[in-house]
Structures are given as structure tokens and as C-alpha cells.
Amino acid sequence: MTLLTFLTYGQTNNDTIQVIAKLIAPGQGDKIHIAKYKVIKVVKGKVTNDTIKVGYYFYNAYQNEPDTALLKLMTYTGETKLKDYYIFPNYNANKGIEKVKISFLELNY
């Protein structure tokens, strides 16, 4: 009997992190744009901080980027000096940003 084991280094949809976040600074950079977001709520997975950086290819930038959005992210597994850095799957912001409306309710006692 022979047992073969295959390892994959890519990430799957099960590795996708989902957060509702507010845009702090739009993406900047040459090939990879890096936007900065304030996390409002983690919907799925875990993030390392309440302020995160998200990378995507400049040609996959989301036009008219919403102020508050549901972000579908993946943890960046390469080497970087950036902290709290994530990427949109396939570095595609068009597929990683979904518009959401958030209402806040303040109560005075």
C-alpha cells in the first residue's frame, strides 16, 4: 500500500477573512496599492489589529471605493516588513469589496 501526501501552499476560500471596515487612506503604491482600513467588525476569521493595510494590484482598483465596506481578505504569507498586512484574493479589490450601509444608534440615559 502506498500513501501519497500532497501539500498546497496556496490559500483557499476557507482561509478568507471577512471584516466590515471603514476606509482611512486610499491605496497608494506602484504595482501594488496598499489601502488602510479601520476594522469595525470581524465577520469571519481573525485579524491582528483594529487598523489594517490591504494590498491589491493597481489595475484591479475598485472604482468609487465605498467609505464603509465588507472586505474579503486573505493573510499575506510572503515576506514583508508591513505589520497587519492582508491582501484581497488574487490582489483584486473589485472582487474583495462589497458595499454595506452601517447605521449607528446612540442612546443617552
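This is a predicted model: local features need pLDDT of at least 70, side-chain atom pairs count only at pLDDT 80 or more; totals for chains, interfaces and linings use all residues.
Student: How many salt bridges does a search of the whole structure find?

Tutor: The search finds three. One of them joins the side chains of K22 and D67.

Student: Why is the contact of K22 and D67 called a salt bridge?

Tutor: The cut-off is 4 Å between a side-chain nitrogen of Lys or Arg and a carboxyl oxygen of Asp or Glu. For K22 and D67 the N to O value is 2.6 Å, so the pair is a salt bridge. K22 lies in strand 1 (residues 17-28), and D67 lies in the loop between strand 3 (51-57) and strand 4 (68-75). The two are 45 residues apart, and the pair links distant parts of the chain.

Student: What makes K72 and E98 a salt bridge?

Tutor: The value here is 3.4 Å, N to O. That is within 4 Å, so K72 and E98 form a salt bridge. K72 lies in strand 4 and E98 in strand 6 (residues 97-99), so parts 26 residues apart in sequence are tied together. With 25% relative accessibility, K72 is partly exposed; E98 is partly exposed with 39%.

Student: Why can such side chains pair at all?

Tutor: Side chains of opposite charge can pair when their charged atoms come close.

Student: Which residues make the nonpolar surface patch, and why can I40 belong to a patch?

Tutor: I40, I102 and F104 make the patch, which is about 300 Å². A patch residue needs over 30% relative accessible area. I40 has 39%, so I40 passes that cut-off. I40 is found in strand 2 (residues 32-44).

Student: Which residues touch the most other members of the largest nonpolar core?

Tutor: They are V19, Y37, I52, L71, L73, F88 and I97, out of 18 residues in this core. Strand 1, strand 2, strand 3 and strand 4 each supply at least two residues of the core, and strand 1 gives the most, with four.

Student: What does I97 touch?

Tutor: Leaving out residues up to four places away in sequence, I97 touches Y37, Y62, E65, P66, A69, L70, L71 and F88.

Student: Why is the pair of Y57 and Y91 called tilted?

Tutor: The planes of Y57 and Y91 are at 40°, so the pair is tilted. Their centres are 4.8 Å apart, which is within the 6.5 Å needed for a pair. Y57 is in strand 3 and Y91 in the loop between strand 5 (85-87) and helix 1 (93-96), 34 residues apart.

Student: How do you know that Y91 is buried?

Tutor: Y91 has a relative accessible area of 16%, which is under 20%, so Y91 is buried.

Student: What makes the pair of F58 and Y59 edge-to-face?

Tutor: Their planes are at 80°, which is over 60, so the pair is edge-to-face. The ring centres are 5.3 Å apart. F58 is partly exposed at 43%, whereas Y59, at 51%, is over the 50% cut-off and so is exposed. Ring pairs link Y57, F58, Y59 and Y91 into a cluster.

Note on methods
Residues are numbered from 1 along each chain as its sequence is written. Side-chain values use heavy atoms; hydrogens and water are left out. Patches are made of residues with over 30% relative accessible area and no salt bridge: like charges are joined within 9 Å, nonpolar side chains (Val, Leu, Ile, Met, Phe, Trp, Tyr) within 5 Å. Accessible areas come from the Shrake-Rupley method with a 1.4 Å probe; for residues, only the protein chains shown count as cover. Buried means under 20% relative accessible area, exposed over 50%, partly exposed in between (1.4 Å probe, protein chains only). A nonpolar core is a set of buried Ala, Val, Leu, Ile, Met, Phe, Trp, Tyr and Cys residues joined through side-chain atoms within 4.5 Å. Contact means heavy atoms within 4.5 Å. Rings of Phe, Tyr and Trp (its six-membered ring) pair if their centres lie within 6.5 Å; planes under 30 degrees apart count as stacked, over 60 as edge-to-face and the rest as tilted.
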